[in-house]
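Please read this briefing with the sequence and the model side by side, and find each residue as it is named.

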Amino acid sequence: YHLLQGTDIPGIIHPEELINSEAGLALILEGFVGESLQDFVSERRLEVGEFLAIAMQLADALAALHHHHIVHRDIKPSNIIIQPDTRQVRLTDFSTAVSIPPGQTYQGNPDLIEGTLAYIAPEQTGRVNRPIDHRTDLYSLGVTFYELLVGELPFPDSDPMALVHSHIAKKPTPVIQVCPH
């Protein structure tokens, strides 16, 4: 809430209010009716034109977020909301997002992996000596794009250590080889 409060960043679900109640804190988000992109593509395959329209919106939203020095750190289809009729998309779930002012870096906790392993950038694993910055989101967006185009993740392992190794040391099979059309 505090990270995004008062910002006018297009392409994200904005926080409206933080309410303290008997049950605890409640975060009120702007109304944006839709479904997760993960659910949307599970029911159908995107045509290339549809993919490009969605990809451009996501790239613009991420550019605007990065312009405000905010790194999401968990870009994935389930953190993207799409309106099925209009195909408008919004980024959501900023629970692991951080603000990284220009000229500064964010190392994170090497003992704690934050983000979703299937989409995580190598520097988020704590296994490479690289700081987390806007490129972290670009990597995760690339994994998301791969999955949207191909219908599967570039590294479909379920073993956590195998996934970490894959993100650090392996190259995914090119999209054209997996999905020639």
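Thr96 sits in the loop that runs between strand S6 (89-91) and strand S7 (98-99) of this predicted model. With a relative accessibility of 15%, Thr96 counts as buried, because buried means under 20% relative accessible area. When its neighbours within four places in sequence are left aside, the residues in contact with Thr96 are His72, Arg73 and Asp74.

**The loop between S4 and S5**

- Arg73, one of the residues that Thr96 contacts, belongs to the loop between S4 and S5, and at 4% relative accessibility Arg73 counts as buried.
- The backbone of Arg73 has a positive phi of about 70 degrees, although Arg73 is not a glycine. This deserves a second look, because most residues other than glycine have a negative phi.
- Lys76 is also found in a loop, the one between strand S4 (70-71) and strand S5 (80-82), and its relative accessibility of 14% places Lys76 among the buried residues.
- Which residues does Lys76 touch, not counting those up to four places away in sequence? They are Thr116, Tyr119 and Thr144, and with Thr116 there is also a polar contact, made between the two side chains at 2.6 Å.

- Asp93 is found in the loop between S6 and S7, and its phi is near 60 degrees, which is a positive value in a residue other than glycine.
- Is Asp93 buried or partly exposed? At 29% relative accessibility, Asp93 counts as partly exposed.

**Around Asp133**

- Asp133 lies in the loop between S7 and helix H3 (134-150), and with a relative accessible area of 15% Asp133 is buried.
- Although Asp133 and Ile70 are 63 residues apart in sequence, their C-alpha atoms are 8.9 Å apart in space.
- Not counting residues up to four places away in sequence, Asp133 touches Val71 and Ile100.
- The side chain of Asp133 also makes a polar contact, at 2.6 Å, with the side chain of Arg135.

**Around His68**

- His68 has its place in the loop between helix H2 (48-67) and S4, where a relative accessible area of 33% makes His68 partly exposed.
- A polar atom of the His68 side chain lies 3.0 Å from the backbone oxygen of Ala64.
- Once the neighbours within four places in sequence are left aside, His68 is in contact with Thr7 and Ile9. Thr7 is 61 residues away from His68 along the chain, yet the C-alpha atoms of the two are separated by 8.3 Å.

**Around Leu149**

- Leu149 lies in helix H3 and is partly exposed, its relative accessible area being 27%.
- Leaving aside neighbours within four places in sequence, the contacts of Leu149 are with Arg45, Phe51, Val175 and Cys179.
- How many residues along the chain lie between the positions of Leu149 and Glu47, whose C-alpha atoms are separated by 8.4 Å? The two are 102 residues apart along the chain.

**The chain as a whole**

- The chain has five helices and seven strands, and when read along the sequence these follow the pattern β-β-β-α-α-β-β-β-β-α-α-α. The radius of gyration of the chain is 17 Å, close to the 16 Å that the globule rule gives for 181 residues, so the chain is as compact as a globular protein of that length.
- Along its principal axes, the C-alpha trace spans about 50 × 45 × 35 Å.
- Buried residues make up 40% of the 181 residues in the chain, and Thr96, Arg73, Lys76 and Asp133 are examples of residues that count as buried.
- Among contacts between residues at least 6 apart in sequence, 61% join residues that are at least 24 apart.
- The chain exposes about 10100 Å², of which carbon and sulfur atoms supply 53%.
- The side chains include 11 positive and 23 negative ones, and the centres of these two sets lie 10 Å apart.

Methods
Residues numbered from 1 in each chain as written. Predicted model: local features only at pLDDT ≥ 70, side-chain atom pairs only at ≥ 80, totals over all residues. Heavy atoms only, no water. Helix = DSSP H or I, 4+ residues; strand = E, 2+ residues; numbered from the N terminus. Rg over C-alpha atoms; globule rule 2.2 N^0.38 Å. Buried < 20%, exposed > 50% of the residue type's maximum accessible area, 1.4 Å probe, protein only. Contact = heavy atoms within 4.5 Å. Areas by Shrake-Rupley, 256 points an atom, 1.4 Å probe, with all protein chains shown as cover. Lys, Arg positive; Asp, Glu negative; His and termini not counted. Charge placed at Lys NZ, Arg CZ, Asp CG, Glu CD. Polar contact = N/O pair within 3.5 Å; in protein donor to acceptor, adjacent residues only side chain to side chain.
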